[in-house]
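Here is a short report for a reader new to this structure. Look at the sequence and the model first, then read on.

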Amino acid sequence: MASHGFWFMGAENPAGDGSQSPNTPRAWCQAAAQKFPGGIGSKLCALLNVGEAEKAAQASVKAEDGSTAESCACNKPCNCSKATVGFSDLYSTDLLPALDGDAKTLNFLQEVVDILLAYIVESFDRSTKVIDFHYPNELLQRNNWELSDEPETLDDILISCRATLKYAIKTAHPRYFNQLSTGLDMVGLAADWLTSTANTNMFTYEVAPVFVLLEYVTLKKMREIIGWQDGRGDGIFSPGGAISNMYAMLLARYKMFPEVKEKGMSSVPRLVAFTSEHSHFSIKKGAAALGIGTESVICIKADERGMMIPSDLERRIIEAKQKGYVPFFVSATAGTTVYGAFDPLNAIVDVCKKHEIWMHVDGAWGGSLLMSRKHRWKLNGVERANSMTWNPHKMMAVPLQCSALLVREEGLMQSCNQMQACYLFQQDKHYDLSYDTGDKALQCGRHVDIFKLWLMWRAKGTIGFESQIDKCLELSEYLYNKIKDREGYEMVFDGTPQHSNVCFWYLPPGVRNLEDKVEKMKRLAKVAPVIKARMMEYGTTMVSYQPQGDKVNFFRMVISNPAATFEDIDFLIEEIERLGHDL
């Protein structure tokens, strides 16, 4: 099977004539050593396990005069400019803002960048492991992770950086399919580095002028894409989809009962919210956090494809009213976590409007399909919603975290959440105070999440995101078509998946022909966990599994990594069969 990684990781020259194919790792490294300045190419070779990784893992070597000299791990004489730089006698106090700390700081940070660059390239190399798995106790024993009273040298700090990445999951690896958020975008990564360097806060224009303006521009663009006239409304970037969903519930409660802000839940009647039985757990978690209570979240039946049934929603709303409860919030899902189902938004909006209930769309997973002309029809009706959660850190592959709550009514977030702290949100500032966004957020300190999305959007354009999303859904359809009639596979539900979720059972030879259905299900429930454990121990790939309702454990394959290819899908199928053939 062909492999198309950062380079083709084939065997060494099969002819044995000593020549190097331009596609081999060593040949690539030789070219890189010439192209990259400062010996970075040589270090990449050393750190990418191309025969010299163990040398590179050594933090430093002692020179004859007792000074510390870094080993560049080259196979031949090189022009590495940092051959005499060492960190065994340096500490964090030697770095800026220390006097004369400029050069030491630059050298230290360059070393960290070298480590990061090597890890990035390795992450896209299909011949490397997705995970170097160790059990928790073993990992604790293999490394000294304890904190001490005395400082460690910068040499030790660099060793810790290498060790951390050595045992990290390579979420950028083209064969990592375990979560909804996968992949690593180079422009997004650059943006993340920039915002960490700027190290500012999003609560006022005073301290984050450019970032605040970029959030304003981007949220307006996202509202336009939803379909709200002229992009009007409001919004904010939050720590994740769960918090965005809780914001929506908070706004819905305030909209109906504004007095709850000062007087609390004792001032309002028994409120009830509604969501699909296939919805994300964050709806119940938000209800718990807001004092509404998980028992006040009524789960609506879904059909066999995982889509909410609008007639059951209306039945349960009427039933709640008859009991004296006050329905205030309905959360529809655009892209459920497990099945990838899209609730019928137009029909749900009709019910909500009839009963005057806030309509929220949890599009954390599926909202990005709005960027695709081919697939955005799956969210028809979203423009009629009161609010929407949209996580660009999922299908758009923006580095974590990047989640937006979009709200149709302008000013509601401010009135719901503001506390007007005079030490931060002074009313006599010399600029337009509407750009001080912190008082409409629940947080005070807020991370700069916007720049990653904005810079990637500039780099790709809307059409670039569209192409990326369409490709992921094309790969999921390829997987579905490949296994739907393949021996040993059974689909969890019929029909082409709506999103990139492909849910299936793998039935090993020892399970396929069992006639006792109870025994068959009992054994099948153990198959996915065993195969997943073997995947992690071999480190070849990662795919999630779970039960759903009365269905025993099945694989939930999701594709959101732009680096994945048809060959990776083929590899996954072969690997599942290899790891599960004896079960």
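## Disulfides and cysteines

The structure holds 0 disulfides; a disulfide is a pair of cysteine sulfur atoms within 2.5 Å. C352 is buried at 1% relative accessibility. C472 is buried too, at 0%. Buried means under 20% relative accessible area, exposed over 50%, and partly exposed in between, with a 1.4 Å probe and protein chains only.

## Model and confidence

This is a predicted model, in which local features need pLDDT of at least 70, side-chain atom pairs count only at pLDDT 80 or more, and totals for chains, interfaces and linings use all residues. Residues are numbered from 1 along each chain as its sequence is written, and side-chain values use heavy atoms, with hydrogens and water left out.

The protein chain has a mean pLDDT of 89, and 85% of its residues reach 70 or more; pLDDT is the predictor's confidence in each residue, from 0 to 100. Residues 1–26 fall below 50, and this stretch has 40 contacts in the model beyond near neighbours in sequence. A contact means heavy atoms within 4.5 Å. Residues 47–79 also stay under 50, with 57 contacts beyond four places in sequence. Where pLDDT is low, the predicted coordinates should not be read in detail.

## The annotated lysine

An unreviewed UniProt entry annotates K394 as "modified residue: N6-(pyridoxal phosphate)lysine". Such annotations may be inferred rather than shown by experiment. K394 lies in the loop between β9 (387–390) and β10 (403–407). Helices (H or I, at least four residues) and strands (E, at least two) are DSSP runs, numbered from the N terminus.

K394 is buried, with a relative accessible area of 14%. Leaving aside neighbours within four places in sequence, K394 contacts L180, S181, A364, W365 and S560.

## Aromatic rings

The structure holds 16 aromatic pairs. Rings of Phe, Tyr and Trp (its six-membered ring) pair if their centres lie within 6.5 Å; planes under 30 degrees apart count as stacked, over 60 as edge-to-face and the rest as tilted. Y205 and Y435 form a tilted pair, 6.2 Å centre to centre with 50 degrees between the planes. This pair links distant parts of the chain, 230 residues apart. Y205 is partly exposed at 27%, and Y435 is partly exposed at 25%. F504 and F555 form another tilted pair, at 5.6 Å and 35 degrees. F504 is in strand β12 and F555 in strand β14. Both are buried.
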